[in-house]
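Work through each task on your own before reading the solution.

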Amino acid sequence: MKKLFTLLTASLLALSAFAATDVAVNEAADAEGKQLHPFKDYSHWSLAVNGGLSQFDGDAKQRYNQLLSSSHIMWTVGIEAEYSFNPAWGLILGFQYMPYQGYTSTTDYGKNYFRGNMYTIQLMGSINVLNLFGQYRKSWRWGWYINGGLGFTFYDSKTQRDGDDTQVTQYQPQDVKSGRAMSFPLGTQIEYNITKCFALGINAYYRFSNKDNYEGEHYTKGTMNDGEFYATISARVKFLEKSREGGHMRNITMYEFNNMQSGKSKDYQDQIDSLKRRVKLIEDTLEHNVFVRLDTLEHYHATTPDDDEDSVPNFRDREPNTPKGSFVNYWGESIKLPENNCMDEINKLKSELGLGADYDLSVYFDFDKYYLTSKAKKNVELAAKKLQENPNYKVELRGYCDFPGKADYNLKLSNKRVETVKNELVEKYGIDPARISMTGKGKMDNPPKKEDKNRRCDFFFYE
């Protein structure tokens, strides 16, 4: 018991020292810049009433292997006034009334029935564990408190001999009319803040005592082992919460408290509000403008045909009426050739430059598939090497499908095939996506004899 008393006293002194140090640090910081004062700008006082069940833990009769006291379970009520120094530490002044009763059975006193009342005034230090160890937690709704300290108990008790007791007793029990004792309450509390002015809590305490004659049997020989356990429900009212700039200490987290003391809370809040507005503006722009345009473009891309059959879709074709078989660039513009030029010379020139469609690099797919085979991956590797060696080159990927199947399905499948090839070029070989364009052609109108030749993706290089 002496060790417990020493521990509780040291805890209380440490609490007071911490509070004093905290005040000194805050006052020093206040001289450097504008901030909320820890006492003037916060509300600290709150009042709580509690009621519940209690049980006396003393020399009541009980079986040998019984863990808990066999004294009667009674009721208890109390009231507490608390001053919160900061969101983690507080000081409680309380009063608790606790009636008690039970039976004793000893060789010296025989069998006796006792009942009494305890009136305790107690001073306790309070630690909000969630705020003490959760320095960056955001919610102030829940609080978990560890409370402990010192108390002074007034008690009285009456004893009554059991009429059936035939034991030979050496002593006669005596009533206690004005007993006094030191007490050491230790307990925990879980509290939920319904509003910033009102909270409900559940409490559990055990109160040690330095007396052993609460039952009225005065045979104690230096022992101090009587105690009381009580569990209650409490309701708390927090005063002046709305009249203080910082609010009530029990309604804020340590992170908010430190920011408000350093004068940064308003700046941080302004920055957060500004960021929220900017994010909202970006979200609205994306949702109502950019995404709508992208969806329209993708739909247009996927459904627009190539009317002049020059392998350039209408949405990109700057010359939509070029004659069939004309040589065109990426934008569908006719390439003017010298009058004395011929097809062999043109093909030779294109071959030397490495431009135009390189069908030797075409990627072929299995029926109704768009994944790359091992042979297809080798051709993609060769195409990537060509792009790496010629930084000015760009490539258009043109995808095709077999003739069987619906046109819409084949168009989607051809788009998936060119997307697969593009992903391979970008992710595996690091080709800039800006250098790659894609055109899904769907199924071919005039398929050649070999069906597998239609299931392909061609590379069309240009500058």
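**Exercise 1.** In this predicted model, find where Arg 435 lies and work out what its side chain reaches.

*Solution.* 
- Step 1: Locate the residue. Arg 435 lies in the loop between α7 (407–429) and β12 (436–443).
- Step 2: Look for a charge partner. Arg 435 is buried yet has no salt bridge. The nearest side chain of opposite charge belongs to Asp 432, 6.4 Å away, and a salt bridge has to be within 4 Å.
- Step 3: Turn to the backbone. The side chain of Arg 435 reaches the backbone oxygen of Tyr 393 at 2.9 Å and that of Asn 390 at 3.0 Å.
- Step 4: List the surroundings. Leaving aside neighbours within four places in sequence, Arg 435 is in contact with Leu 387, Asn 390, Pro 391, Tyr 393, Lys 394 and Val 395.

**Exercise 2.** Decide whether Cys 401 and Cys 457 are buried or exposed, then search for disulfides.

*Solution.* 
- Step 1: Recall the cut-off: buried means under 20% relative accessible area.
- Step 2: Cys 401 counts as buried because its relative accessibility is 1%. Cys 457, at 0%, counts as buried too.
- Step 3: A disulfide is a covalent bond between the sulfur atoms of two cysteines. Searching the whole structure gives zero disulfides.

Note on methods:
Residues numbered from 1 in each chain as written. Predicted model: local features only at pLDDT ≥ 70, side-chain atom pairs only at ≥ 80, totals over all residues. Heavy atoms only, no water. Helix = DSSP H or I, 4+ residues; strand = E, 2+ residues; numbered from the N terminus. Buried < 20%, exposed > 50% of the residue type's maximum accessible area, 1.4 Å probe, protein only. Lys, Arg positive; Asp, Glu negative; His and termini not counted. Polar contact = N/O pair within 3.5 Å; in protein donor to acceptor, adjacent residues only side chain to side chain. Contact = heavy atoms within 4.5 Å. Disulfide = S-S within 2.5 Å.
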